[in-house]
Structures are given as C-alpha cells and as structure tokens.
Amino acid sequence: MSNIPETGRTPRVQIRLVIIQVLVFSLLLTLGGRLWYLQIRNGEEYTDEAKNNHVQQVVQPAVRGEILDARGIPLADNETRLVVSASRTELMKMNDDGKGVLTRLAAVLGMKPKDVMDKVRLCDAKTPQPCWNGSPYQPIPVTDETTTQQALQIRERAEDFPGITAEPTAVRRYTAPGKANTAQVLGYLSPVTDEEITEAKDTNSPFLRSDQVGRSGIERTYDKELRGKAGVTRYEVDNLGRVIGQAAKDEAQPGANLVTSIDARVQAVAEYELDKAMKTARGEFDKNTDENYKADAGAVVVMENRTGRIISMASQPTYDPNSWVGGISAKDYAKLTGKDSNYPLLNRAIQGQAAPGSIFKVISSTAAVNAGYEFDGHYPCPSSYSIGGQVFKNFESQGHGSITLGQALEVSCDTVFYALSHQQWQKDGGTKPKKHPNDWFYKTAHQFGLGKETGIDLPNEVSGRVPDRQWKQRFWEANKDSWCKQGKKNGDYVEKIAYENCLEGNRMRAGDSVNYSIGQGDTLVTPIQMATIYAAIANGGTLFNPTIGKAVISADGKSVRQIRPTSHGKLPMNSKTRGQIDEALAGVATRGTAAWRFGGWPQDKIPMHAKTGTAEVYGKQTTSWFVSYTPDYTIIMTIAQGGTGSGASGPAVRKIYEAMYGLDGKGGQDLKKALLPAPQKALPKIQPDGSIDAPEIKPYRPAEEEPDETQQLAGPPARRD
C-alpha cells in the first residue's frame, strides 16, 4: 500500500485526465473538420485529382487505312517521320507561357519563333491560320520534317525543352502516283475538335484527342472506316507519378483500306490534258472581249456507263494535299483560300455550277417528244427567232432550213428549240398560266435528275438549279424589296431590269423559256450531273449514283465489303427515243459540231457519241462544255471562260480516250498501250498478310504533237459549238 495520502493524488490525476481529454477531443475535432473539408467541402475536386494522379493513359494512334486505286496502287498511305510536338498544357504552366521554350525550339528547327508560336495557338473566330483547331490537351505537332540531328538535340537537352517531344510517328502521305494528284477527290486531314469529341462520345465511333479526321473528299466520306481505333494503355501511378502497375490495355486497331474505282494512270492523263487544254485556251483570242480567253477553272470526269463508277475526276486549279499534313503554314493557307487563289479546294466536278449551253439539248429534245412532237418531224431552223421586239439569234447566225430534232442536235440549232419551248409556254397560258400547266421542259429536267444531288460518295455536292415557276416565285420573294428600291422605269439598263423584276419578276416570261431551252438563262448544272445523264443515255436509261469507293478491306485482308452500284432513277424516255438520241449524238461526232475533232476516229470499232456546248455567262467569257461517250465510258470536260466546246475541250477529251483505248490518232489501236480498254471488274489481289500487290506506274508522257490532217475535216464544219 502506498504511503501517499489519497487526498493528495486525486486533483493532479483529474487535471491530467482533463488535459488529455481536451487534447484528444481537439485532435478528433481537427481530424473531423479536415475530413469534412476533404470529403464534403472539396470532395469532388479531390476525387477528380485522385483519379488523374493514380490512372494515366498512354495513347497509341491507330495507323490510318490506305486509299488505293482500282489496281491497288496507293493514292494515300502512311510514312514514319520524326514529329516534334508541343504540350500546350505544360507550356501554359510557365511564367512566360512557354515563349522561351518555343524560341529555343525554333532555333533548333531552323524556323522563325513566330511561326512556331502560331502553330501552337488555338483557333477561334478571330485567329487566322495557322493555328491549332484540335483539342488543347493533346500534343500539337510543330513540324513533321525534323532531321535526326534536330530530334537528338531536343531529347538530349530535355531540361531546355520541357513540354516538347520528338517521336517517330506515322504520318499521312498523298503519293501522287504517276503524277496523278487526285487532290479534290482524296481530300485532307486535320485534328479532331472538342465539339466533335463531345458529339461522338456516345456513338459507335468515338474520338480520342489524338485523332486526325477527314475534312473533305473520300477522307471524310469514309473516315470511320479509314481511321481505325487508337490503342489505350492505362497505368496506375502514385502521387509522385511513379508507375505501380498496369490497369488495362486496349490494343490499337488499324484502319481498313479503301479500294476506289479511280485508275491512277487515267487520272494522270485527265489531269494533264485538262491543264494543257486550259493553257491552250489562254493563247486563243476572244473576239467578243478583245482579249485572250482567261480559262481560269475547269473540270473533267471519266465515268463507267454501266455502273456509274468514277475512273477519273480532276479539277483546276488544284493543290497539294500534303500541305495539310502536320499543320498547314500561313503561306500555304493563303494560297488555298485567299481572294486571288481562285479557290483550289473546290472540287469543280461536283461543286462547280454553270449554265450548260447546248449539252442541255438532249433534255429539251426529250421534253419535246414527251410533249407530243415527233422526233423525226421537221422543224424550221432559221438564223433567228423573234418574240415581240426581241430577237434570239442562232449561234453564228446560221440557218439550216427544215430539219429533224436529231439534226438539230447534230448542228446544235438553237432556233428549233426556241420555237418548241415558246409554243409550249403559250399552251401553258403564257404570263397568265393555267392552274396546272404542263411545263414539259421543266418537268423533264427534274426527271433527268437536275436540281438535286446525284448522290456521289463525296461531301458537299451542290444541286444546281432548274429555274421553274416555283424557283421563280421563291427568287422573286427573296429579292423583291431590293428590286423595288433600285428600279426606275426610265433609268439605265440595270435600273430598268430591276423595275421590271419588281413588278413581275415572279412570272415565267417568254424570254425565260426560250433561253432555258438551250441551257441558258438561270439554269445551272454540275459536270457530274451531266456525266450521269449522258452515261444513262449510253447504258440504256439507268441513272446511277456516281461512286468512287469500290470496296472496304480490313487491314488483315479477311473482311471485304464491296460497294455496289446503286441507281436513283430512269431517264424519262422510251427505248425508241433513247435510240434516236443515241444515233443523233453519234452524228455529232461524225458530221456535226464535234466532227472536226474526231477525224480518223475508228467509229466502227469504238462508236463515239458527243455533244458540244458553248454557254454564255453575263459579264464573263463563254464556258466550254464537251461531253461524249463510247459503249464503255462517258467523259465530260468543262472550262470556265474557255471558249467553244469543241474548240477548247474537244481535243483534250479525244486524247484521254486515245490513252484509254491505245489509239494512235490515225485509227490504229495497240492494246498493249491501252490503259483501260474495258472496265475492270475484279478487285486487286489480297495477300495472306492483308497487303495488296500494286503494279508500277509511270508518269504520263504524251507523244509529241504534230499537225495531223486526218483529224481535220475537208472544209469548215457546219458549226463549232
């Protein structure tokens, strides 16, 4: 037993216990408060941070599928390059927003600091190119033209280049085999945007921040198939960023390969001949404007008649799609989009709209037959046609007496179609139309597929225009107020026209109808629309949806999805009328407006059919049109401000046919030199590993052109439309 009294020990113990209790309670209160702050007050923030700190993703981009021509030749593939990229997230953490790092980087790369900084800035409505249109959280490519020495400098001096990487990366390459550029058909790529990531989040094809997306051409149409699926490896890391384990891994899946119907050899010929035809036209004098033709834009299409597949499609002016790879420079962007560029990004085969001129007359001929006129009936073809005080002249003021509709197509007589259209306009009630006018000429154009897209597998196709009564009413309603403000009864020409349009711009007038009948006035078509129509005449009447994609083949070659031809209708004519028009178009090539360009053509072996067109455009020089077909193919070429159809486009179209069929220009044929004497039906051969053997292709080198009397008729033609 202790000798200490009970009364002396109790107060001290009690004080100590109280102190301990206070300390314990204080600690518990502090811990509780801290837990409340961490879990309740800032719980969501720290939960997100914990996730970021403990799970990190490493993305392995998928290899984009190749785009191949019909024989397996790559039009677009991939190559490994050293790519220098900058992490905008890391740069923004620096006091100077990374300017010092980017300046040092520019010195190593041999670039201007401003050019480097421009590439990593974010795009918005006020920021001009170049800028980064993709996600700000993914590495931004600065250049894909890095040398090994430059990459080593960056990696060995990592402390001088925080946020900068130099890694080998698969980069898109547009190969231009045999100098076949194919730019507007292929399109180009650019980074995915945050908006696109959000929109695709719940779809079967979500985007990762590292993805590149097709922006035009078949890169855009078949983007989902070509893109594949990027691989993602998820690592568990501690708060210091040290890897403590692998959470999950999704293997990258390479994109599928797209086989197209494009033949790179024919594409090279078409591009060359279109460019040459435009240059030749610029050397010709236009007597109407007292200056040479400008020939500032053009397009050519080669189509299979029985499938609607596109063998070649070219547009001028053009561009190099490789300029978009790795981010486009300010200089290149200005060349493609500036006021003086003439907009080479446009695919004028599907986006170029113009009055068709006389190639429209196959539609007017069909409309006349459907309205009850005999194709073989005889109709006067005077040098001019008068309506009231207005005189509508025949081309070059030539008259041809009494002729059939077939002969009117051959010599391209305008006045025959003026009269027929005017008569139908009168039967429909003139300026005071019947309640339900027949409108044969307008109805037939719609039945031919004009005024709407053909359905080609390319983005941004335009529909053209059929200026029927409904269009006239809509156009008048949209412009009436402006016309009424501008118009004056006794003003100058423009003011008088505005005054008339203000009063009755919604009425279908006689002049509207007669101009429309020969493809003039407010009518607009695209080359692909007219190619589809003439191919339908050649194949018996089926209007195919033009297609470029032929098959989608998985990277391992085990899955093949063929893209079958589809149709959007039939021509509004019976077999008899089709045969009569077919015969008349053969006459155009042998004795009509195109005959002077097809002297010596082996008509018995390869029947040629053609139609020429010279469309007048207000304030500009005439548009040249030339459309033709054989039993296998249809070729159409147009040159804006290029002169007459047969004069500017005719020789180039013949050269394309000669290369395809192996013709020597004098009637002889060498099948060994023929590029495509008949349509290819089989797909390229797929190897067991999924690769495709591609034959070699050489650049197109035309023979030296010499004067050839066999290509000229004895004496001038009846008309060179």
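Guide: Ala, Val, Leu, Ile, Met, Phe, Trp, Tyr, Cys and Pro count as nonpolar, Asp, Glu, Lys and Arg as charged, and the others, Gly among them, as polar. This is a predicted model, where local features need pLDDT of at least 70, side-chain atom pairs count only at pLDDT 80 or more, and totals for chains, interfaces and linings use all residues. Residues are numbered from 1 along each chain as its sequence is written, and side-chain values use heavy atoms, without hydrogens and water.

Visitor: How many cavities of 30 Å³ or more does a search of the whole structure find?

Guide: A cavity is a set of points on a 1 Å grid over the protein atoms alone where a 1.4 Å probe fits but cannot get out. With 30 Å³ or more as the limit, the search of the whole structure gives this count of cavities: three.

Visitor: Which elements give two or more residues to the lining of the largest cavity?

Guide: The largest cavity holds about 80 Å³ of space. Its lining (residues with an atom within 4 Å of a point) includes Ser 421, Gln 424, Trp 425, Trp 440, Phe 441 and Tyr 442. Helices are DSSP runs (H or I, at least four residues) numbered from the N terminus. The elements giving two or more residues are α16 (414-427) and α17 (440-447).

Visitor: How many charged residues does the lining of the largest cavity have?

Guide: Among the lining residues are Asp 428, Asp 439 and Arg 469, along with Met 508 and Ser 513. By class, the lining of the largest cavity has five nonpolar and three polar residues, and its charged residues number three.

Visitor: What is the volume of the second largest cavity?

Guide: Ala 70, Ser 261, Glu 304, Ile 311, Lys 550, Leu 676 and Gln 680 line the second largest cavity. They divide into three nonpolar, two polar and two charged residues. The volume, meaning the space filled by probe spheres set on the points, is about 40 Å³.

Definitions and conventions:
1 Å grid on protein atoms, 1.4 Å probe; cavity = no way out; pocket = protein on both sides within 12 Å on 5 of 7 lines; lining within 4 Å.
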